[in-house]
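Subject: Structure for your review

Dear colleague,

Please find below the structure that I am handing over to you. My findings follow it, arranged by topic.

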Amino acid sequence: MDYYDRFEPSVFQRIVEIIGRPERVVEIGCGDCRLGNFIARTVGCTVMCIDTDTQGFTVGKRQSKKSAVAHLVRMIQHDAEDLTSLCPPKFDCCVSIYVLHELEHPVKVLTQVRKALKRNGKMVLVDFPKGSIAEQLYDEEYYSTRMMQSFLKRAGFKIITVEYFKKKQLALFLAST
Ligand SMILES: C[S@@+](CC[C@H](N)C(=O)[O-])C[C@H]1O[C@@H](n2cnc3c(N)ncnc32)[C@H](O)[C@@H]1O
């Protein structure tokens, strides 16, 4: 268990508080779908988990069954650069954690997300900010929060709030369409 795993439960809990009672959620870059499964279990809504890499799906599907949410969670191999085939119906909410820094074209993906969301739809974006401990832990470079905010704005989102966990080790953006 690493530094970030230890406080992930509180981050997930905060995400479900923020999203409220959506009916249809999409998770971008789901990996093993930990977040998608957690949302389905806690909120009881449907979650479409997408990732270009299916490696995490076996664990994710096992966890969905164990948590009795397999009927709510769908995992599909899909590139978030084009979400048109997933709609309609549009989503109430999109969540994404630890993914923004890996996207080749972040504004393109965020624009697709905005178009796939309903009016007043919510986007909850969580990532490691520049200067966080994650840079040394994972030997990666991250965007500044100012840059993340600018990506969301360029994609047409309205920024509602920015929150931090553990003294800026993780940033959470809530944006709306
Ligand atoms: C660091 S991993 C995080 C995975 C997961 N969210 C988690 O918390 O473990 C980033 C994920 O984003 C996915 N990804 C990167 N670019 C993507 C894209 N264009 N469309 C969908 N998924 C993408 C990667 O395949 C990878 O699984």
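Into which domains is the protein chain divided? There is domain 1, covering 24–78, and domain 2, covering 95–177. Please bear in mind throughout that this is a predicted model.

The centres of the two domains, taken over C-alpha atoms, are separated by 20 Å. Seven residues of domain 1 and eight residues of domain 2 take part in the contact between them. On the domain 1 side, E1 and helix H2 (34–43) are the elements that give two or more residues. The largest share of that side comes from E1, with four residues. Sorted by class, the side of domain 1 that touches domain 2 has five nonpolar residues, one polar and one charged.

Tyr 98 counts as partly exposed because it has 18 C-beta neighbours inside 10 Å.

**The sheet**

Seven strands form an open sheet with mixed pairing, in the order E3-E2-E1-E4-E5-E7-E6. Strand E3 (73–77) and strand E6 (158–165) are the edge strands, and each pairs on one side only. On average, neighbouring strands of the sheet are turned by 15 degrees against each other, direction ignored. Helix H4 (residues 106–116) packs on the sheet, where it touches E1, strand E4 (91–97) and strand E5 (117–127). The direction of H4 makes about 145 degrees with that of E5.

Strand E1 (residues 24–28) and strand E2 (residues 46–51) run parallel and are joined by five bridges. Arg 24 stands opposite Thr 46 in E2. Four of the five residues of E1 are buried, so this strand is largely enclosed by the rest of the structure.

Val 25 is found in strand E1. Is this residue buried or exposed? Val 25 is buried, because 25 other C-beta atoms lie within 10 Å, and 20 or more are needed for that class. Leaving aside residues up to four places away in sequence, Val 25 touches Ile 39, Cys 45, Val 47, Phe 91, Asp 92, Cys 93 and Val 95. Val 25 and His 105, which are 80 residues apart in sequence, are 22 Å apart in space, C-alpha to C-alpha.

The buried residues of H2 are Leu 35, Gly 36, Asn 37, Phe 38, Ile 39 and Ala 40. They pack against helix H1 (3–19), E1, E2, helix H3 (57–66), E3 and E4. Just after H2, Gly 44 takes a positive phi of about 85 degrees.

Pro 22 has its place in the loop between H1 and E1. With 21 other C-beta atoms within 10 Å, Pro 22 is buried. Apart from residues up to four places away in sequence, Pro 22 touches Val 43, Cys 45, Asp 92 and Cys 93. Pro 22 and Cys 93 are 71 residues apart in sequence and 6.7 Å apart in space, C-alpha to C-alpha.

**Backbone details to inspect**

Most residues other than glycine have a negative phi, and most peptide bonds are trans. Against that background, a few places deserve a look.

Cys 33 lies in the loop between E1 and H2. The phi of Cys 33 is near 60 degrees, a positive value in a residue other than glycine. Cys 33 counts as buried, because it has 25 C-beta neighbours inside 10 Å.

Which peptide bond from Cys 87 is cis? The bond to Pro 88 is cis, with omega near -10 degrees. Pro 88 is itself joined to Pro 89 by a cis peptide bond, with omega about 0 degrees. Pro 88 is found in the loop between E3 and E4, and Pro 89 has its place in the loop between E3 and E4 as well.

With kind regards

Note on methods: Residues are numbered from 1 along each chain as its sequence is written. This is a predicted model: local features need pLDDT of at least 70, side-chain atom pairs count only at pLDDT 80 or more; totals for chains, interfaces and linings use all residues. Two strands pair if DSSP finds at least two bridges between them. Axes are lines fitted to C-alpha atoms, for helices over the stretch in contact, and angles run from 0 to 180 degrees between N-to-C directions. Two residues are in contact if their C-beta atoms, placed from the backbone, lie within 7 Å. A residue is buried if 20 or more other C-beta atoms lie within 10 Å of its own, exposed if 12 or fewer, and partly exposed in between; C-beta atoms are placed from the backbone. Domain bounds come from an automatic or database domain assignment. Ala, Val, Leu, Ile, Met, Phe, Trp, Tyr, Cys and Pro count as nonpolar, Asp, Glu, Lys and Arg as charged, and the others, Gly among them, as polar.
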